[in-house]
Amino acid sequence: MSVPQAPKRSDPLTSWFFTYTKLRFFSRMRRFLHLKAAKKQYKPPEKVEKPVDTDIHAESNMREESDWMVTLQRSVKRLHFGSWEEKEVAVEDIKRLAKEDLKRRKTMAELGVIPPLVAMVGSEVMARQRLAVQTLIELANGSFTNKALMVEAGILSKLPENKVVLGEPDMQEFAQLLLSISAALADSQFCVSSSRIIPFIIHILESISSSIQTKDSCLTTLYNLSSVLDNATTLATSGVVNILLRLSSLKEASEKALAILGNLAVTLTGEKALESDQMVPDRLIEVMTWDDRPKCQELSAYVLMILAHRSSLQRQKMAKAGIVPVLLEVALLGTPLAQKRALKILQWFKNERQMKMGPHSGPQVGRISIGSPVNPREVDQGKKLMMKIVKQSLYKNMETITRRANGEGDSSKLKSLVISSSSKSLPY
């Protein structure tokens, strides 16, 4: 940028133009120098240099993402259109990829891998069938949608009819798959009676070769199904009640078996099935004596409470089986919930005994016929006398139980417990 030179000749117009040009030049120079100075003062933020490893890692992830998508697309194509050998290889790849990520499992379902896998479960080739079951277990992990798709594709109709040929590993994997999809079954409008699931589970529970872990998976599946009232009615008529009562004597399986019985007992069909079984109430009373299984005591007391609630015949059977001392022991030493349930049943026994008190069964308060004059004072005295007799009986029984349990007893605590068991309703 050059400075304008002064003109050789001096005339007013030329002089004015020269002055104007000179002023513009110096004005531009000042602006240029000001901007340059401002640039020198401004320091842009330092760029954080990414480590080389991060770039490499991101590039590796992109490559891996691309590789599994290519593998999946190839496997899906083989699964739909390939030969049986190609399908088996494809299923192996799908099973391996499904283990790694939930997003991948959802993508596989969107690509339609579940229906052909369900169809493969119905194969007569055991190795092929087992591979399909293992893959479906992986696909069901963490995805309710995938479980619902399996049910929709008819997985329950593909359960093997010839259950005798199944070994322990096969039963364990089928039990695991049924457990995985049982939540979807409970939430859907699925009719249990229209599938093979109940006979299949019963076979596993009755099988000698099935392990306690496999039985545990089947019991959890039954519990999920029995939580739906319609399913509970169907299960009660399937013969599963007797199996559950037998399993309730195994401490490893008792808690879940009793929980299922509790779900079945609230239905009329389930209550009748329990009442007609020869192991009731003896088996349930036996479970109530397990001091080291408080949850089992609570569940057993719950089932007994349902049976004793409206049936005088069941209360008579329980009394003959010796339930009263057991109830007294649970009311004294059980958990708070078990105590409440035991006291509730004891209250029903006490009320029934008062109603059946005959003319030669102890101190009398006198019978009052309808229409005869009533002396309120005599009625009140009779009630007090009856309550005193019942409380004294309970008190003596509890003292005996306490001495047997720990060698000593707190009489004041026992007395307060007896007094607290009034006729008021207790929560279940």
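## Two sides of a helix

Which residues are exposed on the other side of helix H7? In this predicted model, they are Thr 145 and Glu 152. Helix H7 covers residues 144-152, and its buried residues are Asn 146, Lys 147 and Met 150. Viewed down the axis of H7, these buried residues fall within an arc of 100°, so they line one face of the helix.

What do the buried residues of H7 pack against? Their partners are helices H4 (102-110), H5 (114-121), H6 (126-140) and H8 (168-187). After H7 comes Gly 154, which has a positive phi, near 90°.

## A closer look at Asn 146

Asn 146 sits in helix H7. Asn 146 counts as buried because its relative accessible area is 2%, and buried means under 20%. A polar atom of the Asn 146 side chain lies 3.4 Å from the backbone oxygen of Arg 105. Leaving aside neighbours within four places in sequence, Asn 146 is in contact with Arg 105, Lys 106, Ala 109, Ile 114 and Leu 139.

## The nonpolar core

Now to the largest nonpolar core, which has 96 residues. Those with the most contacts inside this core include Leu 139, Met 150 and Ile 197. Helix H16 (residues 294-310) gives the most to the core, with nine residues. In soluble globular proteins, nonpolar side chains tend to be buried together.

Not counting residues up to four places away in sequence, Ile 197 touches Leu 156, Leu 159, Leu 178, Leu 185, Val 192, Thr 221 and Leu 225.

Terms used
Residues numbered from 1 in each chain as written. Predicted model: local features only at pLDDT ≥ 70, side-chain atom pairs only at ≥ 80, totals over all residues. Heavy atoms only, no water. Core = buried A, V, L, I, M, F, W, Y, C linked by side-chain atoms within 4.5 Å. Buried < 20%, exposed > 50% of the residue type's maximum accessible area, 1.4 Å probe, protein only. Helix = DSSP H or I, 4+ residues; strand = E, 2+ residues; numbered from the N terminus. Contact = heavy atoms within 4.5 Å. Arc of directions from axis to C-beta. Polar contact = N/O pair within 3.5 Å; in protein donor to acceptor, adjacent residues only side chain to side chain.
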